[in-house]
Each structure stands twice: as structure tokens, then as C-alpha cells.
Amino acid sequence: MIPYKTLLHINRSSKQTLYIQLTNQFIDLIKSKKLPANTKLPSSRVLSDLIGVHRKTIVACYEELNLQGWVISIAKKGTYVNEDIPVLQQKWVENDLPKKAENSGFQFSKKSFLNRTFPQSFGKGYMYINDGVSDERLTPVNEIATLYRKISTKKHTTDFMGYGTTYGNIELREVLVDYLNETRGLNITIDNILITRGSQMGMFLASQLLFETTGYIIVGVTNYGSADSTFKYANGKLLRVNVDEHGLDTTEIEVLAKKYDIRAVYTTPHHHHPTTVTLSAQRRIHLLNLSKNYGFAILEDDYDYDFHYNHAPILPLASHDVNGNVIYVGSVCKTVAPVYRVGYLIAPKDFVDECAKLRRFVDRQGDAILELTFASFIKDGSLERHINKVSKIYKARRDFFCQLLKSELHEYLSFEIPKGGMAIWATLNKKYSWDTVAKIASKYKLIIPEWQRYDMAHVNHNAIRIGFARYNEEEAEDFVFRLKSAMFELP
Ligand SMILES: Cc1ncc(COP(=O)(O)O)c(C=O)c1O
């Protein structure tokens, strides 16, 4: 007789139910062949007496083993270890498994411009220059988790568990319509909004529809790299215009619009990415007029509308759009945290409808429970409270960081204090190169990733974007100390 009493251990203080504990232990015994194929298991009554658990627990355990295929129950005969156990066979096969091919044995298209890997971690003690991200420690994780849990367990949640609309949850759309009309003066209705998984998805969908097989899009000489790649992937041909202290040069846009069939202009008007400048009022009006006259779209990426420190926010171009030329994308990913993939695309109805159709083939639908969570988070004023709270902190961090950079590194770096956002645009004295700084900085465990290095692109400047919002004072000092140590070693 197999010594079941010794082999099976019941832990009554474990959170795992008794029958699951027993089931797992039986599976281990079968896998390790301590219970060989065709072994007859003791009856539920015998085993229950032997190990001192209720008979119903043994019955439930045997049923589970039977369902999973580890044992076979034969009426009036008993329960036997199955001789045909897939895992055991798999083990045997595993020993002889041929080495996996490194490359695929089929053709597919590869685009070098999509090559932008983002390491998960640089190792303990490393700091890296980020392009302006929020401080995850300030994220109201518990509040959001409580809402999510509450919504998940509500009775009516079953309504949202199945396949649903590709436009996004209706409650969130309604809440966002009110919120965006109120905070950004958009004057939209529910027909103008599609929920996305972030601004990036909005840009992807829009550009797939804007270019089809070809078409021109105007972007800044310096521009958000992922936007460039998104447009190229959609067959958009990029034309570049200069960016000065007033933002994109709209006179250059006009010259190009006369010459080319322009489908769109991409802009981050609140704080241009990467240079952080704000598009001036005159240029905003000029751009809107051009879009009407030449019939192109303005793809307005308002990625950090919520963070402005010197003045009230400037209303988006979308709020002045009366001719149906603006596609406006935004999200909570910068404002709350990138992990919450909730964003929106705002546009005229016909365009929204087409995006909703296309979205179905990229991502069948969003996470309705997360969307409902954010509907509630916005409706009860939590989002605005969060923005007010972190804005004050980021403003103080901006001031501290800029002051520190100025006092410690003025011989090497020059920059304007940004009016908003989460990053500064720092220009290195032309005697030096970021390449050399990056190499020396790695000795001090400070990584300057390539994607921050706008100096490496086609552009004639020597600047990079440095995010400050993530660092408290101690971390900012540490960061500047490492950068300074590297700069001091510059040849
Ligand atoms: C200018 C700009 N647009 C869009 C995005 C993407 O935002 P989301 O996380 O909402 O997709 C980013 C993210 O870094 C960004 O910097």
C-alpha cells in the first residue's frame, strides 16, 4: 500500500482550499511516478479516514484529477492513474527536442525605422535620461484600484464582459465629452469621440486613414520620433519645417502647401516635442487658416496639456476648429501613468466612424472595466484633484532642477525654463558632443539613451530632452552630480 498518510500533507492555515491542495499533491505524485500509471487510488471513504479530511473533499479532488485527465474513474471499479498522461510524454519528447531556429522560416517585412527598443531596466543604481515622464510614486494607484475592483464586482459588470463597441465605453465617452468641453473648450458631442489605448493608437489609426498608399505630412525639423515612424509606417512622406521660439514655422508650411499635396500637419502645440516651445497665437490661427484653404488635417497631439506652470493652459487648436480640419489626440497616460492605457481621438464624425471601423482590426475593443474606472475617476473630480496636486509638485521640481542645472552646469549647457510639461530642452556647448558625454556618463551609471539624442538625427543642433518631473530633490541632485562628473571629464 502506498503511504498516503506520509505523502499527503494538509495545511489548514493555507488560503488554498483543501481539495486543491490535495489535487496538486496527487499531480506531483503522478508526475514523479511515485504513483505509476494504472495505480488504483484508495476509495474516497478510505482516504478520508486515512488523512482525516471530509469525504466530500476527496470526491472533489478525484473529480478535479479526472477532469484534468490525470486519473480515470471507472464506475463500480474505482479511480486509476491514467496511463496516457500528456505531460509525461512531453517530458520524453523534450529530451530530444531539436534546437529552436533563431530566425523565422518565412518572409515578412522589416522596417528599420521601427527599431526603438525600450529596456525595462538598466540595472541597480543606474539612472537614465527620460524624455519627460510622470513620477509613478505620485500615481493614485489605490484609488484607481479600488474603483476598478468595485466596478469589476458590480452585478451589472456582466454587461461589459462580452464583445462590445469599438468606439469605447459609452459612459467614458459621455464623461470625456463633458470634461474635454469644459477643460479645453472643444464643443464636441459623443459622435466626435473614439476611446483609444493612448495617444499613440490615435496617431496610428489616423495616419493609416490619412495616407493610404502615399501622401505628404509636415512635421518639425525636430519632432517626436515615434510620430515620424508612425507616419512612415502608414506610407506618409515626411516634409520638415523649422521650429523656433514660436513653434512650427507656418510660413514654411504655406510654401510647402502650395507645392505639395499635403494631407496633414503634425503638431504638439502646447509644448512642442522635443523643444518644449509653445505655438504662438498668430501661428495657430495661420495654421488653422492654411488647413482650411489647402484642405489638410491638423493632427494635434496634446500630450501634456495638463501641466502648465506659468499661465493658464492655452486652448487647443481643436477648440477653434469650425471647418472640421483638426484631429485631436490625448490620453491619461502622461497625466496619471503610462500603464493606464486610456486615451481618445476627437475628430469630425465621419473620420471617427472610419477610425472605429479600423480599430476593430488592430484591437477588437478596449478594456471596458478600465474605461468605466476612468469614467468614475473623472466624474467625481479625482482626475482634476490629481492634476492640481502633481502640477504643484512638478512646478517645484522644474524650478529646483533648472536652478541646479544652471548653477552646476552653465558652462556646458544652456536651456530655457519650460513653461510646462515634464522636460527641458538642453543644448550642449558646441565644443562638446553628446556622444562623448554619453560614453563618460555611463561610468557614473547615468545612461543617455539614443532616443533622447536628437543631435544624432538629421538636425543641426546639439540638444537633448531631459525629463525632470520624475526626480525629487535628492534624486535631482544625484542626477546632476553624475552629469557634472561626466562633463568635468570632457576632453
Ligand atoms: C509627444 C508624445 N505623443 C504621444 C505619446 C504617446 O502617448 P500615450 O502613452 O498616450 O500613447 C508620447 C509618449 O511619450 C509623447 O511624448
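A polar contact is a pair of N or O atoms within 3.5 Å. In this predicted model, a polar side-chain atom of arginine 341 lies 2.9 Å from an oxygen atom of the ligand. The protein covers 90% of the 400 Å² of accessible area that the ligand has on its own.

- Aspartate 301 uses an N or O atom of its side chain, which sits 2.5 Å from a nitrogen atom of the ligand.
- Serine 199 uses its backbone instead: a polar atom there is 2.9 Å from an oxygen atom of the ligand.

**The shell around the ligand**
- The residues surrounding the ligand include Gly198, Ser199, Gln200 and Met203.
- Tyr224, His273, Asp301 and Tyr303 are also among them.
- Ser331, Cys333, Lys334 and Arg341 belong to the shell too.
- By type, the shell divides into four nonpolar, five polar and three charged residues.
- Helix α8, residues 199-211, gives the largest share of the shell, with three residues.

**Helix α8**
- Helix α8 has 13 residues.
- From its first C-alpha to its last, α8 reaches 18 Å, close to the 18 Å expected at 1.5 Å a residue.
- Buried residues of α8 include Ser199 and Met203, and both of these also surround the ligand.
- Among the other buried residues of α8 are Met201, Gly202, Leu205, Ala206, Ser207, Leu210 and Phe211.
- Glutamate 212 follows α8 and has a positive phi, near 50°.

Note on methods:
Residues numbered from 1 in each chain as written. Predicted model: local features only at pLDDT ≥ 70, side-chain atom pairs only at ≥ 80, totals over all residues. Heavy atoms only, no water. Near = heavy atom within 4 Å. Polar contact = N/O pair within 3.5 Å; in protein donor to acceptor, adjacent residues only side chain to side chain. Areas by Shrake-Rupley, 256 points an atom, 1.4 Å probe, with all protein chains shown as cover. Helix = DSSP H or I, 4+ residues; strand = E, 2+ residues; numbered from the N terminus. Nonpolar A, V, L, I, M, F, W, Y, C, P; charged D, E, K, R; others polar. Expected span 1.5 Å × (residues − 1). Buried < 20%, exposed > 50% of the residue type's maximum accessible area, 1.4 Å probe, protein only.
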